[in-house]
Amino acid sequence: DTELYHRYGPTETTMCVTSWKCQRKSHNPVVPIGRPITNIQVYILSNTMQPVPIGVPGEIYIGGEGLARGYLHQPDITAERFVPDPFNQEAGRRLFKTADLARYRSDGAIEFLGRSDHQVKIRGFRIELGEIEATLWEHPNVKDAVVLVKEDTAGDKRLIAYVAPRHERTLNQSELRDFARDRLPEYMVPGSWLFLEALPLLPNGKIDRRALPDPDWQQFATEQGYVAPRTPLEMRLAKIWEGVLGRERIGILDNFFDIGGHSLRATQVIARLQQVEQIPLPLSSLFATPTIEGLANSVIRYKQKNGHGEAVAPITLHVQEQEQILPFDQSRIEQLSDEQVTTLLHEMLGQGGHLHE
């Protein structure tokens, strides 16, 4: 008959501020922190301190009774973390800015997602690592999951998922990636996965992120295993991919977007391919068949249909209401801003095209 409660409360609020009665037969792997207790107000707000909709991550702000006066002899940080309460007209009312991330569930309970200092920005997208982790925890075979950002050998930031399975359960990269893609936008799906028997812990029981192993970028390969290039064309394409992605031993079945590729790198691959093969193969070919084998078949089909050695046609790029003729070459592409690259990609793929980030 013992009852178990999950409660949440920062030190600055002097007590717990939310409470949740754990349910024995719950099928949800993530236990929420519950709802505010009496005389406490809890808000989940955006960066502009506006309430967020159900399911959307935001930062937890706490008001009501129990707030500390501030940090002793630290007026600057007190002013930064204890802010005026915009939802209470009573003079002197404040909210504590927790830097904790959470979201409302459909039943009104609050689900904790992690710290806002785990918020990152990759290729222009602001990403909450805690939201990705919470999604992975929903998988029935996942016991623990942590997502970090690491720089690969080419210096690009990539999302790395560290996952520990539940007892006697098995996990594989393809299954988890598909699970994440069904629930997250493409730019939030980890590009690389490391499976560990257990994640390292600190003495307080929290995951020790600093103790997680660094990824070996050369070892990341598809579950199909390495399949070496078989023809001179596949060898040339593999060399192009290796140069753009900054890695070695890329197999002909490896998916470009699963081994570090994204939209900007796709333009670089096609630019180099056009220079080497002297054909104006469209960028959409790589998105349609993102393997060396598939891209080689696209090159062969194009050459059979159009002949070999056609000059590469220039691409018209509209930037800031000025028309520029942009020859599709490597040096010019790498000088473009992210916004210009996005404009170029949409022109090449069409406004309805899907962009991998």
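Student: How many disulfides does the structure hold?

Tutor: A disulfide is a covalent bond between the sulfur atoms of two cysteines. The criterion applied here is a pair of cysteine sulfur atoms within 2.5 Å, and the structure holds zero disulfides. This is a predicted model, in which local features need pLDDT of at least 70 and side-chain atom pairs count only at pLDDT 80 or more, whereas totals for chains, interfaces and linings use all residues. Residues are numbered from 1 along each chain as its sequence is written, and side-chain values use heavy atoms, with hydrogens and water left out.

Student: Is Cys16 buried, partly exposed or exposed?

Tutor: Buried means under 20% relative accessible area, exposed means over 50%, and partly exposed lies in between (1.4 Å probe, protein chains only). Cys16 has a relative accessible area of 26% and is therefore partly exposed. Cys22, at 25%, is likewise partly exposed. For the protein chain of 357 residues, 44% count as buried.

Student: How many helices and strands are there in the protein chain?

Tutor: Both are DSSP runs numbered from the N terminus: helices are H or I with at least four residues, and strands are E with at least two. The protein chain has nine helices and 15 strands.

Student: In which order do the strands β1, β2 and β3 stand in their open sheet?

Tutor: Strands of a sheet pair through backbone hydrogen bonds, either parallel or antiparallel. Two strands are taken as paired if DSSP finds at least two bridges between them. The open sheet has the order β1-β2-β3, with antiparallel pairing. Its edge strands, β1 (5-8) and β3 (35-36), each pair on one side only. Strand β2 (residues 18-21) is joined to β3 by two bridges, and Ser19 stands opposite Arg35 in β3.

Student: How many residues of α5 are buried?

Tutor: Of its 15 residues, 11 are buried, so α5 is largely enclosed by the rest of the structure. Among them are Arg265, Ile270, Leu273 and Glu277. Helix α5 (residues 263-277) reaches 21 Å from its first C-alpha to its last, close to the 21 Å expected at 1.5 Å a residue; the expected span is 1.5 Å times one less than the number of residues. Gln278 follows α5 and has a positive phi, near 60°.

Student: How many aromatic pairs does a search of the whole structure find?

Tutor: A pair of aromatic rings is described by the distance of the centres and the angle of the planes. Rings of Phe, Tyr and Trp (its six-membered ring) pair if their centres lie within 6.5 Å; planes under 30 degrees apart count as stacked, over 60 as edge-to-face and the rest as tilted. The search finds five aromatic pairs. One of them, Tyr71 with Phe82, is edge-to-face, at 5.8 Å centre to centre and 65° between the planes. Tyr71 lies in the loop between β5 (58-64) and α1 (75-81) and Phe82 in strand β6 (residues 82-84), so this pair ties together parts 11 residues apart in sequence.

Student: Which ring other than Tyr71 joins Phe82 in the cluster?

Tutor: Ring pairs link Tyr71, Phe82 and Phe96 into a cluster. Phe82 and Phe96 form a tilted pair, 5.0 Å centre to centre with 40° between the planes. Phe82 in β6 and Phe96 in strand β7 (residues 94-104) are 14 residues apart. Phe82 is buried at 5% relative accessible area, and Phe96 counts as buried at 1%.
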